[in-house]
Amino acid sequence: MTKDIVLQRIRTTGLIPVVRADSAEQAMRAVEAIKAGGVTVLEVTMTVPGAIGVIEQLTKAFGAAALIGAGTVLDPETADKCFQAGAQFIVSPALNEKTIAFCRENDVAIFPGALTPTEVVRAWNAGADAVKVFPAGAVGGASYLKALKAPLPQIELVPTGGVSLKTAADFIKAGAMALGVGADLVDTNALREGNDQLITERAQQFLEIVREARRK
């Protein structure tokens, strides 16, 4: 799958569920539950025990049926391991220009993290395909994203942190390319209790909110 196809698929879906879990087994269940809800773009963070092995299992199990990315990638060495395991996009909470360079060289989509206008522009100039605005909820949420987009319409932004069922529509209306959704979708308590259906239902709800917000 080419990088252009990967990016278009993320734009079309409008969601990037951020999978954090206590174990590889829980992470696999979370992915299955999210996919059952109709979301086929997923980010497995490096905080999941055995995360690279989970990415490898998922890419082999789902093939083109799901787009598997790697999150919380802090350096090019980790990006390389994720890429070798089959990750089709790389996400970071921070800006590391060497990681961006690695991804550019290997034609893999990269979403580095940034917060201020200066950081966002620096990430874009370094070659980011889109910029993860993190933690978006802590600095004004959708209103902050809208303020960023006004002078920087050419930069695609993925707000993460503070994205919930209540705020998702506002982020989309503010100009988000896609939403990075963590705990409000991938509920670790639900996973511990075996209530995977809750995650499936929330995935469906988030998809509908994105579709509805884009129609307005």
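A search of the whole structure identified 10 salt bridges, a salt bridge being a side-chain nitrogen of Lys or Arg within 4 Å of a carboxyl oxygen of Asp or Glu. The structure is a predicted model, in which local features need pLDDT of at least 70 and side-chain atom pairs count only at pLDDT 80 or more, while totals for chains, interfaces and linings use all residues. Residues are numbered from 1 along each chain as its sequence is written, and side-chain values use heavy atoms, with hydrogens and water left out.

One of the salt bridges joins the side chains of Asp129 and Lys3, at 3.2 Å from N to O. Asp129 lies in the loop between α6 (117-126) and β7 (131-133) and Lys3 in helix α1 (residues 3-13), so this pair ties together parts that are 126 residues apart in sequence. Both Asp129 and Lys3 are buried, where buried denotes under 20% relative accessible area, exposed over 50%, and partly exposed in between (1.4 Å probe, protein chains only). Arg202 forms a salt bridge with Asp187, with the closest N and O atoms 3.4 Å apart. This pair links distant parts of the chain, since Arg202 belongs to helix α10 (residues 196-215) and Asp187 to the loop between β9 (179-181) and α9 (188-192), 15 residues apart. Arg202 and Asp187 are likewise buried. In the salt bridge between Glu208 and Arg215, the closest N and O atoms are 3.4 Å apart; Glu208 is partly exposed, with a relative accessible area of 39%, and Arg215 is exposed, at 56%. Salt bridges that share partners also join Glu25, Arg29 and Asp196 into one network.

The protein chain has 10 helices and 9 strands, assigned as DSSP runs (helices H or I, at least four residues; strands E, at least two) and numbered from the N terminus. In strand β2 (residues 41-45), 5 of the 5 residues are buried, so the strand is largely enclosed by the rest of the structure. Val41, Glu43 and Thr45 point one way from β2, and Leu42 and Val44 point the other way. β2 pairs in the parallel sense with strand β1 (residues 15-19) over 2 bridges, pairing being assigned if DSSP finds at least two bridges between two strands. Glu43 in β2 is the bridge partner of Val18. From β1 the chain crosses through helix α2 (residues 24-36) to β2 in a right-handed β-α-β crossover; right-handed means that, with the strands pointing away from the viewer, the path from the first strand over the helix to the second runs clockwise. β2 also pairs in the parallel sense with strand β3 (residues 67-71), over 5 bridges, and Ala70 in β3 is the bridge partner of Val44. Together with helix α3 (residues 51-62), β2 and β3 make a right-handed β-α-β unit.

The largest nonpolar core has 62 residues, and those with the most contacts inside it are Ile90 and Leu179. Such a core is a set of buried Ala, Val, Leu, Ile, Met, Phe, Trp, Tyr and Cys residues joined through side-chain atoms within 4.5 Å. Helix α10 gives the most to this core, with 6 residues. A second, separate core of 14 residues includes Ile10, Ala109, Ala130 and Val158. Of the 216 residues of the protein chain, 51% count as buried.
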